[in-house]
Amino acid sequence: MAKATPESFMARALELARRGLYTTDPNPRVGCVLVKQRRVVGEGWHVRAGEPHAEIHALQAAGEAARGATAYVTLEPCAHHGRTGPCAQALIEAGVKRVVVAMEDPNPEVAGRGLAMLREAGVAVETGLLEADARRLNPGFVSRMTHRRPFVRLKMAMSLDGRTAMASGESQWITGPAARTQVQRLRARSSAVMTGVESVIHDDSRLTVRADQLGLEAGAAARVAARQPLRVIVDSRLRLPLAAACLREPGRTLVATCAREPDRRAALEAAGAEVLVLPAREARVDLAALLRHLAAEEACNEVLLETGATLAGAMLDAELIDEMQLFVAPTLLGGEARPLFALPGLARMAQQRPLQIDDIRAVGRDWRIIARPERVS
């Protein structure tokens with residue numbers, strides 16, 4: 001560590017937290033650094049749900065050196081009993097004298113209680129150091145706790161002229177291997193991968209994390225791929241083929257529909273799907289209701305939307321997309337090819353959908369644009 005400053009210690013805690021990027025779901029990614037006399041005496045991060053939190057790992061690493069130390073934690077220490085004990089109490093019992101927290105926990109079960117417990121025990125508490133970085137690390141957890149819906153990240157691959165597939169539906173492969181590796185990593189960090197039934201019919205995608213495409217060391221890749229995200233298929237009329245590849249993959253496939261067809265539902269369930277019947281909006285699945293279900297019943301933090309123009313347009317129109325990751329290939333598919341979004345009714349410039357561009361960079365031979373839709377309502 002180049003400089004022994006509060007910012008550098010919190011930056012290290014955030015670096016540790018990122019090690020849980022693919023494994024902590026549905027819990028947040030958290031890191032902790034214990035410092036005594038400007039020297040790190042212990043550090044840790046949350047690895048996966050059900051296992052010790054970051055603070056516990058750091059305290060175990062520090063041992064007796066934790067007494068009188070300062071703890072730099074990326075998220076408020078918990079004060080409740082879940083599958084593990086309260087970390088705030090563990091810090092108190094270890095004799096930590098000061099706790100610096102990047103951000104308060106938005107979880108209503110914590111929501112300041114951890115900080116209050118520390119203060120009541122005489123521990124000095126500070127909050128807000130590198131808070132924006134801490135929030136960026138856990139966008140889905142923050143969204144689920146504060147808005148009761150997951151953070152939705154749209155991924156699409158397109159040609160330079162904004163086309164995603166040929167008129168026939170053929171789309172493999174527009175982008176190169178480096179871009180596909182990035183997509184696999186987006187899947188790996190997500191709680192769920194969501195698509196429309198039309199995309200499954202055309203591509204028969206498995207919607208899985210593939211260890212050999214993650215670009216990680218073999219052992220690490222296998223551990224990441226062992227946790228497959230929930231597959232969510234929006235299928236208003238229950239048209240998913242019974243032989244779809246995604247139904248034969250490890251993990252769960254949830255078919256969201258508004259159709260009440262018991263025979264078809266029974267056939268899909270026999271083939272391995274779980275069928276969720278939701279309210280309809282204009283004869284299609286109520287997408288906001290689906291996201292609420294994913295947050296409340298499936299504890300989904302981040303949802304990766306990989307789909308075609310119709311569902312992408314519907315999600316954008318409903319203002320349910322938080323971030324777009326658009327991979328642009330240096331090729332042209334022509335005017336007959338399929339567009340990025342189906343947004344019927346846009347006839348005037350005043351109706352355009354503005355985006356906030358956060359990042360543009362090369363990914364192999366392609367380009368990746370990260371953008372956020374600006375709210376229009």
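Predicted model: local features only at pLDDT ≥ 70, side-chain atom pairs only at ≥ 80, totals over all residues.
Trainee: Let's start with the open sheet. In what order do the strands come?

Mentor: The order is β2-β1-β3-β4-β5, so 5 strands by DSSP, with mixed pairing.

Trainee: Which ones are the edge strands?

Mentor: β2 (39-45) and β5 (124-127), each of which pairs on one side only. On average, neighbouring strands in this sheet are turned by 15° against each other, ignoring direction.

Trainee: Parallel or antiparallel for β1 and β2?

Mentor: Antiparallel, with 6 bridges joining them. Within that pair, L34 stands opposite G42 of β2.

Trainee: And what about the hairpin there, how many residues sit between the strands?

Mentor: There are 2 residues between β1 and β2, and Q37 in this hairpin takes a positive phi near 55°.

Trainee: Other end now. How do β4 and β5 run?

Mentor: They run parallel, and 4 bridges join β4 (residues 98-101) to β5. V99 has V125 in β5 as its bridge partner.

Trainee: Which helix packs on the sheet there, touching β4 and β5?

Mentor: Helix α4 (residues 113-120), whose direction makes about 150° with that of β5.

Trainee: Which strands does helix α1 lie across?

Mentor: Helix α1 (residues 6-17) lies across β1 (31-36), β2, β3 (70-73) and β4. Its angle to β1 is about 145°.

Trainee: Changing topic: which residues make the nonpolar surface patch?

Mentor: L355, I357, I360 and W367 make it, and the patch covers about 380 Å².

Trainee: Where does the largest share of it come from?

Mentor: From strand β17 (residues 355-363), which supplies 3 residues. L355 has its place in that strand.

Trainee: Why does L355 count as partly exposed?

Mentor: Because its relative accessibility is 34%, and partly exposed covers the range between under 20% for buried and over 50% for exposed.

Trainee: Last one, H293. Where is that found?

Mentor: In helix α11, which spans residues 287-296.

Trainee: Buried or exposed?

Mentor: H293 is buried, because its relative accessible area is 18% and the cut-off for buried is under 20%.

Trainee: What is H293 in contact with, leaving aside neighbours within four places in sequence?

Mentor: L254, L276 and E298.

How values were computed: Residues numbered from 1 in each chain as written. Heavy atoms only, no water. Patch = residues over 30% accessible without salt bridge, like charges linked within 9 Å, V, L, I, M, F, W, Y side chains within 5 Å. Areas by Shrake-Rupley, 256 points an atom, 1.4 Å probe, with all protein chains shown as cover. Salt bridge = Lys/Arg side-chain N within 4 Å of Asp/Glu carboxyl O. Buried < 20%, exposed > 50% of the residue type's maximum accessible area, 1.4 Å probe, protein only. Contact = heavy atoms within 4.5 Å. Pairing = 2+ DSSP bridges. Axes fitted to C-alpha atoms, helices over the stretch in contact; angles between N-to-C directions.
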